[in-house]
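Visitor: I am new here. Please show me the model, and let me ask about the words you use.

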Amino acid sequence: MKATQRQQQLLLDLQQLDHQMARFRKQLDQLPERAELAALENEREAARNTFMDAQRELDTRRLELSRIESDVQVVEQRLERDNALIAASTSSKEAVSIQSEIDTLMRRKSELEDRELESMEVVESAEAVFTEAEALLAGVNARRDAIQDRIQGAELAIETQRKEAQEQRANISAEVQGDLLALYEKIRAQVGIGAARLQGNVSEASGMSLTPAELSDIRSTSPDEIVLCPTTGAILVRDSESTETQVH
């Protein structure tokens, strides 16, 4: 296949842009913020479990307090009723019976009020634990949001550069002759690199020096003839140095 020196130089521009876009993809995959976010997820899970445990404990203690408060209310209603009955009673026997019940209710009320005070203290303690757990989880969530914002910012910046490189690549591709571009794409798909410079006697595709025989064969080939790297198979674009270097 034949192609002018300018056409071959365009392949190097294409390859440089392909390298750039590969770096962009790698940068996106390996953003340090992603590892930071993954590490934070374990901390967030622990904080969330602590929060859920504290919430369940607080709900349980509040329910217990509510039940005691309800029992106190029932006792107070019965006391109010019995006090009304004893005030209206005209029977000494009935009054004695009601007074006995009132005494029992008063003892019951006293016990419940003691339990109520203890339960209120337990609820206050549970509320403090819950508040601390809530603040811990909120802090972790805030850090996670900040990391995600940084990831989005980095992704946006890289994506902007990637689109610019992609547009440049499309413009350059439009200038490359069809058969040469097809060959470049085919080789790049097969070996990962489509074209590279022959710098002196070194193929930048393989990073290795060509043998004198290989270099002699290439130098004897017309400049507009497409030559390939003997090691990688990539298109080798010759510069003036490589065409002038003497074979030893």
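Guide: One term comes before all others: contact means heavy atoms within 4.5 Å. Keep in mind that this model is predicted.

Visitor: Which residues does isoleucine 187 touch, leaving aside residues up to four places away in sequence?

Guide: Isoleucine 187 touches Gly192, Ile193, Gly194, Leu228, Gly233, Ala234 and Ile235. Isoleucine 187 itself is found in helix α4. Its C-alpha atom and that of isoleucine 235 are separated by 8.0 Å.

Visitor: Why is isoleucine 187 called buried?

Guide: Its relative accessible area is 6%. Buried means under 20%. Isoleucine 187 therefore counts as buried.

Visitor: What makes aspartate 82 buried?

Guide: The cut-off again is under 20%. Aspartate 82 has a relative accessible area of 2%, so it is buried. Aspartate 82 is found in helix α2, residues 32-88. Not counting residues up to four places away in sequence, aspartate 82 touches Ile98, Glu101, Ile102 and Leu105.

Visitor: Why is leucine 136 called partly exposed?

Guide: Its relative accessible area is 43%. Buried is under 20%, exposed is over 50%, and partly exposed is in between. Leucine 136 therefore counts as partly exposed. Leucine 136 has its place in helix α3, residues 92-175. The C-alpha atoms of leucine 136 and aspartate 239 are separated by 63 Å. Along the chain they are 103 residues apart.

Visitor: What is the crossing of α1 and α4 like?

Guide: Helix α1 covers residues 5-29 and helix α4 residues 178-191. Their axes come within 11 Å and cross at roughly 35°. The crossing of α1 and α4 is right-handed. Gln7, Leu11, Leu14, Gln15 and Asp18 in α1 meet Leu180, Leu181, Tyr184 and Arg188 in α4. This contact has five nonpolar, two polar and two charged residues.

Visitor: Where does UniProt place the feature "coiled-coil region"?

Guide: The unreviewed entry places it at residues 7-57 and 144-171. In the model, residues 7-57 are 96% helix and 0% strand. Their end C-alpha atoms lie 74 Å apart. Residues 144-171 are 100% helix and 0% strand, with end C-alpha atoms 40 Å apart.

Visitor: Which residues does UniProt list for "domain: CT398-like coiled coil hairpin"?

Guide: The unreviewed entry lists residues 14-192. In the model, that span is 96% helix and 0% strand. The end C-alpha atoms of residues 14-192 lie 13 Å apart.

Definitions and conventions: Residues numbered from 1 in each chain as written. Predicted model: local features only at pLDDT ≥ 70, side-chain atom pairs only at ≥ 80, totals over all residues. Heavy atoms only, no water. UniProt positions renumbered as here; feature names shortened; annotations may be inferred. Helix = DSSP H or I, 4+ residues; strand = E, 2+ residues; numbered from the N terminus. Buried < 20%, exposed > 50% of the residue type's maximum accessible area, 1.4 Å probe, protein only. Axes fitted to C-alpha atoms, helices over the stretch in contact; angles between N-to-C directions. Left-handed = near helix turned anticlockwise from the far one by under 90°. Nonpolar A, V, L, I, M, F, W, Y, C, P; charged D, E, K, R; others polar.
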